[in-house]
Amino acid sequence: MLNAIGIFMIFLFLGMPVAFAIGISGFIFFLMRPEIPWTILVQKSLSTTQSFTMLAIPLFIFAGNLMNNTGITSRLVKLANVLTGHMYGSIGQVSVVLSTLMGGVSGSAVADAAMECRILGPEMTKRGYAPGWSAAINCLSGLIVATIPPSMGLILYGTVGEVSIGRLFIAGFVPGFIMCIFMMIATSWSARHFGYKPDHEKPSSLREIGKACIESIWALLFPVILIVLIRGGVMTPSESGAFAVFYALVVGVFVYRELTWEKFKECLIDSVKDISVITMVLAFSGIFSYGVVYDQLPKDVASFLVGMTSNPTVMLFLIIVMLIVCGMFMETTVITLIVTPILLPVIRQYGIDPVQFGIIMMTTVTMGCSTPPVGVALYTCSSIMDCPVEETTKYSWPLFVAIFGTLLICIFLPDLILFLPNLVYGPSM
């Protein structure tokens with residue numbers, strides 16, 4: 001399997017699309033193992049995409065595109081501006097708060113970053129913000145979406161690792177809000193350093209905040225309703241995805257009345273493009289994952305890591321370093337599908353809760369969207385803001401400090417992260 005992994009990395013460096021790189025390297029593994037029936041190759045590629053739990057991903061993608069075209073996003077922008085207009089780098093603060101509010105809407109860090117660049121980017125340029133600073137804020141604030149439910153990454157992790165998605169969703173709230181606070185502090189410091197003034201001197205009145213909250217109530221209720229319905233056993237995470245689509249359609253057509261037929265067709269086209277790419281990666285990853293298990297790579301990696309240290313905290317730091325390196329070269333979806341079955345036996349052996357580890361892992365690997373050389377969100381935001389990737393990276397370091405601060409809390413204060421899921425579901429066994 002190591003030969004196939006090496007071939008996969010070579011394809012990535014050559015610029016081959018991830019889906020084909022992972023599919024061809026998995027195919028080569030089967031060529032090198034003539035004793036394995038070829039029928040397994042077909043079965044694994046099909047079975048990976050036919051999981052009922054995986055159905056949540058295309059449904060939430062469609063729901064996110066619908067909500068971006070129904071007036072929900074614009075109202076969340078207004079609410080974020082009311083809450084943060086008195087802070088330094090006010091539009092940058094809007095981006096951070098909007099990512100927190102959008103976590104229950106889009107579920108995708110890259111989609112969130114791109115959306116915010118398109119919505120907030122022109123206004124940031126008018127305010128005199130450096131394009132690289134604007135791109136960095138919009139790019140890295142999207143990382144909050146990795147934890148606020150319904151996170152696509154948490155759904156993948158829970159499905160592959162057989163970890164309760166309901167517990168993961170609820171566990172994501174606390175680190176998500178902690179990251180929001182840390183990023184707002186980092187944005188404020190950075191804005192003061194570059195002289196980006198607030199919009200107005202005083203905070204908004206309670207009346208203004210209340211009015212903005214009422215206008216955004218349908219978006220704010222969305223993640224709450226999902227958690228209640230999942231926890232109450234009314235629907236599974238996959239069924240909640242279908243509910244999300246229904247919810248977006250009802251709000252767009254009957255409440256805000258902004259969803260036109262043309263916008264609906266545009267949502268369908270965009271969703272089909274997004275889902276097609278993800279489905280191809282999922283299908284080919286089934287072949288690759290089979291090779292990982294067949295060659296007992298999880299067992300070998302577990303033995304290697306266990307031999308390095310017996311301290312759970314040190315082990316988490318080693319894994320984070322490994323995931324950061326992986327995130328620099330591989331997409332989040334691919335890392336989640338391949339690495340989760342390898343690392344879960346290791347962390348369970350150390351007595352680390354899989355829910356706590358899921359939050360740490362998804363935060364770390366999603367950060368790879370914002371790091372070169374294969375940072376999809378980094379390149380997308382830099383392109384939209386028309387600035388070099390190097391400039392965006394230069395302005396990013398205060399936000400990376402905020403992210404690592406969040407990870408430290410997740411590592412050293414597990415009870416804080418697990419408080420809500422244990423409160424709602426009871427202590428994990």
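User: Where is Pro414 placed?
Analyst: Pro414 sits in helix α23, where helices are DSSP runs of H or I with at least four residues, strands are runs of E with at least two, and both are numbered from the N terminus. This is a predicted model, in which local features need pLDDT of at least 70 and side-chain atom pairs count only at pLDDT 80 or more, while totals for chains, interfaces and linings use all residues. Residues are numbered from 1 along each chain as its sequence is written, and side-chain values use heavy atoms, with hydrogens and water left out.

User: Is Pro414 buried, partly exposed or exposed?
Analyst: Pro414 counts as partly exposed because its relative accessible area is 24%; buried means under 20%, exposed over 50%, and partly exposed in between, with a 1.4 Å probe and protein chains only.

User: And what is Pro414 in contact with, leaving aside neighbours within four places in sequence?
Analyst: With those neighbours set aside, Pro414 is in contact with Gln356 and Ile409, contact meaning heavy atoms within 4.5 Å. Pro414 and Asp353 are 61 residues apart in sequence, yet their C-alpha atoms are 8.5 Å apart in space.

User: How do the axes of α22 and α23 cross?
Analyst: The axes of helix α22 (residues 397-412) and helix α23 (residues 414-425) come within 5 Å and cross at roughly 75 degrees. Here axes are lines fitted to C-alpha atoms, for helices over the stretch in contact, and angles run from 0 to 180 degrees between N-to-C directions. The two helices α22 and α23 are therefore roughly perpendicular, since angles of 65 to 115 degrees get that name, those under 35 are roughly parallel, those over 145 roughly antiparallel, and the rest oblique.

User: Which residues meet there?
Analyst: From α22, Ile409, Cys410, Ile411 and Phe412 meet Pro414, Leu416 and Ile417 of α23. By class, the residues of this contact are seven nonpolar, no polar and no charged; Ala, Val, Leu, Ile, Met, Phe, Trp, Tyr, Cys and Pro count as nonpolar, Asp, Glu, Lys and Arg as charged, and the others, Gly among them, as polar.

User: Which residues of α22 are buried?
Analyst: The buried residues in α22 include Pro398, Leu399, Phe400, Ile409, Cys410 and Ile411.

User: How does α11 cross α23?
Analyst: The axes of helix α11 (residues 173-194) and α23 come within 8 Å and cross at roughly 130 degrees, which means that α11 is oblique to α23. In this contact, Phe173, Val174, Pro175 and Ile178 of α11 meet Leu416, Ile417 and Leu420 of α23, and the residues are again seven nonpolar, no polar and no charged.

User: Changing topic, how many salt bridges does the structure hold?
Analyst: The structure holds one salt bridge, defined as a side-chain nitrogen of Lys or Arg within 4 Å of a carboxyl oxygen of Asp or Glu. Lys265 forms the bridge with Glu262, and their closest N and O atoms are 3.3 Å apart. Both residues lie in helix α15 (residues 261-294), three residues apart, or about one turn of the helix. Lys265 is partly exposed at 33% relative accessibility, whereas Glu262 is exposed at 54%.

User: What about α9, how many of its residues are buried?
Analyst: Nine of the 10 residues of helix α9 (residues 152-161) are buried, so α9 is largely enclosed by the rest of the structure. After α9 comes Glu162, whose phi is positive, near 55 degrees.

User: And the chain overall, how many helices and strands are there?
Analyst: The chain has 23 helices and zero strands, and buried residues make up 56% of its 429 residues.
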